[in-house]
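Thanks, everyone, for making the time this morning. Please bring the model up on your own screens before I start.

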Amino acid sequence: MAGNNRKMEKESFFSKPAVQSITASLLCIVIGLLIGYIALLIINPVGATEAIITIIKNYFTYPSKAAALKYLGNTLVKAAPLLMCALSIQFCYQAGLFNIGAAGQYVAGAGASLYFALGFGLPWYICILAALVAGGIFGIIVGILKAYLNVNEVISGIMLNWIGLYTVNMLLGGVKEVSSPYTLSLASTNPSAIIPSLGLEKLFSNNKYVTIAIPLAVIIAIILKVILSMTVFGYEIKATGIAKDAAKYSGMKEKKNVILTLFIGGGLAGLGAAFLFLTGYEQWSVTQSSVPGMGFNGIAATFLGGLDPIGTIFASYFIQHITSGGSYLDKNVYPSQISDFISSIIIYLCGFVLFFKFFLNSRIRAGKEKKEGGNK
Amino acid sequence: MVLLLQYTLLFSSVLILVALGGCFSEHSGVINLGLEGIMVMGALGGALTLKVISPTLPAIVIVLTVLLTSTLCGVLYSVLLAFACINFKADQTLVGTALNMLAAAAATVIVKTINIAENPDNVSSTVQYVASKKALVVNIGSFQFNWFMLVALIALIAAYVILYKTRFGLRLMACGEHPQAADSVGINVYTMRWAGVLISGMLAGIGGIVYITAGVSEWKFENGVAGFGFLALAVMIFGQWKPLNIGLAALLFGFFRALSNVYSGFDFLAALNIPSSVYNMMPYIISLAVLAFTSANSRAPKAEGIPYDKGSR
Amino acid sequence: MALESAYAIEMLNITKRFPGIIANDNVTIQLKKGEIHALLGENGAGKSTLMSVLFGLYQAEEGTIKKDGKVVTINNPNDANDLGIGMVHQHFKLVQCFTVLDNIILGVETTKHGFLQKDVARKRILELSDKYGLKVDPDAKIEDITVGMQQRTEILKMLYRDNEILIFDEPTAVLTPAEIDELMQIMRNLAKEGKSILFISHKLAEIMSVADRCTVLRRGKYIGTVNIADTNQEELSRMMIGRDVQLVATKEDKTPGDVILHVENMTVPSKLHHNNAVKNVSFDVRSGEIVCIAGIDGNGQTELVYGLSGLENITSGKITLSGKDISHASIRERSLSGMSHIPEDRHKHGLVMDYSLAYNLVLQRYFEPQFSSKGFLKKGEINKYAEKLIDQYDIRSGQGAPTIARSMSGGNQQKAIIAREIDKDPDLLIAVQPTRGLDVGAIEYIHKQLIARRDEGHAVLLVSLELEEVMSISDRILVMYEGEIVGEFDPKKTTPEELGLYMAGAKRKEAGA
């Protein structure tokens, strides 16, 4: 009898949507890491265990606490833009739009923020705004094409990713170092364009790249959560996403919402780029011939986060954690892209999450019925 | 001028193959956004074959072996899409995107591993195939005929015949238009959709190797295939899911892509002094414009993108 | 030698359970060779489940199926096809962009070296269509032909497969009266040629006119089988519903008041073809009256309502609501000006299926100060309001206000929409096929609500395909045919037969005030 009761409790525990999402995400992570480990074993069995531990440990590889903190800072610096891209994709997904163009919106944001910083010499807050607007404009193009001309947002998004890349390469060619393909350093050209740290750097062993961009990204995630679950706008966005026709019937301006959503999504991705490039952590290479992966990794983070802004905070950190961890591998034995490999396996597995939940729920229902039947 | 024609035909061949792949998949009811990734995998299989095959073998053997390995890699990789989207009803956009990323990552890892094994200091993701690549082309005057151009033409004709003249084509299209109707007359929708996706894997796999051997003799796999899989989707939409229209659309897109390779050879274009980035952007801008004009009245298969569930009728 | 069975197909003591419901409880139906056997029951009586068992889509927990006296197992539709069982589904299973011929041969194609042999098929189709009087053009595309011809295509599909047992699932719902007569004749011909026919319907008159015997189901239970010659509509109706029902709604006479809705020369384009779906239509709806738009499905009623509600832009004409010009107003403006709309497709338009019942009940009003302030939703208020409507309109759902709309029954989903739309207290209520797919209890309820609106002095515009409903609750009838209003009638002074002629386009008169 007691055992029976416990089973009942367990069932109702697993029937909670949040618990199901977290379980599913954890399963994806475990399987993803396992497949990554198998790949490492195939490449070179001798160091594979150590390699996967290196990836998972990331900055914990450093024995001194100070060094570990410093490199935790580095991971966070890159997790912030990733979170922004993930939020961009997620916000659009709520409205039924797959914003794969986040990658291009991110590129646009990078181009605008760096050009405003290096070309015009403007302070950081203006540069951030420029990134937001540039990303937003890229989003709006996708939105208009979708709303008025029925163009699939995935395909137009991809096209704009490439258009964005070449445009930004051209634009930033004007503010690059003479002897390298990289843009000028912010610290020496225009220090006022660097996002302030407000003392945060001290928490991370004086890692100068740690800025208020990191807490800002988290705050933005929370704001989005509030918008989606508590506001009239969120109500409309989600209704448009789940039931476009019902939204139209109820008098919502569906086209306006599509465009507005993509503007916000684009703005978020653009901001993400500013959050990285305005720390000085990276410089843009004007000869790069592929679209930065940040926007695509955002897809992994958003689905792993169970399509919830708060979940995405953790998922973004995790994805960046293993990506950074990959860079500690011995390059002459294991390619660092093994981290990308693991994150893409995780995205693929996320495709099965719905089925997993459905399976879980039908098992729970079947279990319940069996029990009820037994009681009769 | 000959060079422009040559590149136009080459890039058109790629687009024809991959767009036809998309066409088969979509006619069966599955949106295949993973074409890009499948191309990478096909390219990888073909490139590695070219790398290890003896250049002294007869050209026909080399061509056929490369075709075979590319096909095989493409088909095997597309199994991942079919499995998730057909049997597990996964979100087709999500899975397609995951496959694109996975292909780029996996190909890079594989190539790097091979390179490191050969020479621990070579950590690049580049495969070279200078010697055996010669087997793929026949020089006719200054025009370099590539056997893959013929393959694309055959694929185009075969696609037309299969879709419109055979039992298989009729059943395939029924599954993409109205799977419930197909099911009610005893057609196994899942089987047909698997077939559609695997054919798309085959064609996109071949498209991949054609793309990376067009004009270059080595490929850096970190770069993937630069959105060509998506250009092919644009070609497919512009061609309204019909093989012959796809052929024509591919020629148009192929021309603009070729232009970015050879514009410097034309004095009047070189004189304009337009940055190369502009030419690189061209195909994407054109496809965006074309999509804007053709998407409103699209004749896409009605049931595409909707997982088929036997239960819901 | 066993005696040859008199029955083509028998389903004996079938029981099929679903979680929480017994869909078929010990049901038996025996179809004689060469007879037309009706299967009668309300929506939800278990007819579709029984047919799904016959087609192997579901497996029954108990009971057996016999073909020609021998027990058979049917695990999937292919098994049913092999046994010679074919079905014309209520929603046709036809590929729109294929030709008639392609649809008929699909699944049983004749090929040579893998290539389709369409000429062989064409010859056979023409022979069959000659023999049974089923006129079709084999090379026309389904999207270009009439509903009647689509149905004939479905029948040919069965004949082309040499099916002996033909099942017609609610086949008359989409047909004009003339087409219905024609179908009845075709069914008689088929039976005469030795085919056994199972005719699923809830229309008593049609059953009386064409069937030999009738089996009745009610709430999953087998009620009985009767010879049509020995029964009448009243008895069948009692068997189907379990009590006497008043099919005719009662309402008092009332003199209509001011014009609420005024439509002048309205034209609405069609999404399906290049012609206009609604052509130059004018009419009025006054306060205190129910005006009904009657007509066969697909004659522009849907688009007429789209034009009125703003779901589609009108290309010309003028719409006035309570004296205010709303010809080009947005959907929201129309809603705020006093228009409510119970949509035709409650799943597509009426509800956000994955939202809670509470969220759905404020779908038209979530932005009002009562339910939101400064851009934030007042969830407490929304829930309170939802509880009030649930109580007042007797909406039954598993967990009350937080119930997800998708998990509710069709009848209760419709009640939720009606509650939402009526509680807005609109000047004009547009109701499109509000009773479709519901059981008698729910239909009665909805009719009462509509009449109550009228009695309170508001205007109601009802679009209905059911002549019975049209005759019983409207104060004025407008008949639509091919996008035009071809006649105006007083229900007290007309007959279903007269309306039928106008609905079929056989007669027309100018609609006057």
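Predicted model: local features only at pLDDT ≥ 70, side-chain atom pairs only at ≥ 80, totals over all residues.

Residues are numbered from 1 along each chain as its sequence is written, with chains lettered from A and ligands numbered from 1 in the order in which they are written.

Taking contact to be C-beta atoms, placed from the backbone, within 7 Å, we find 23 residues of chain C touching 16 residues of chain A. On the chain C side, the elements that give two or more residues are helix H10 (331–336), helix H11 (346–350) and strand S20 (376–377); helices (H or I, at least four residues) and strands (E, at least two) are DSSP runs, numbered from the N terminus.

Turning to the domains, whose bounds come from an automatic or database assignment, chain C is divided into domain 1 (7–241), domain 2 (246–338 + 427–513) and domain 3 (348–425). The C-alpha centres of domain 2 and domain 3 of chain C lie 26 Å apart, and their contact takes ten residues from domain 2 and seven residues from domain 3.

Finally, A:Met159 lies in helix H7 (residues 153–172) of chain A. A:Met159 counts as buried because 30 other C-beta atoms lie within 10 Å, the cut-offs being 20 or more for buried, 12 or fewer for exposed, and partly exposed in between, with C-beta atoms placed from the backbone. Not counting residues up to four places away in sequence, A:Met159 touches B:Phe230, B:Tyr284, B:Ser287 and B:Leu288.

Key
Contact = placed C-beta atoms within 7 Å.
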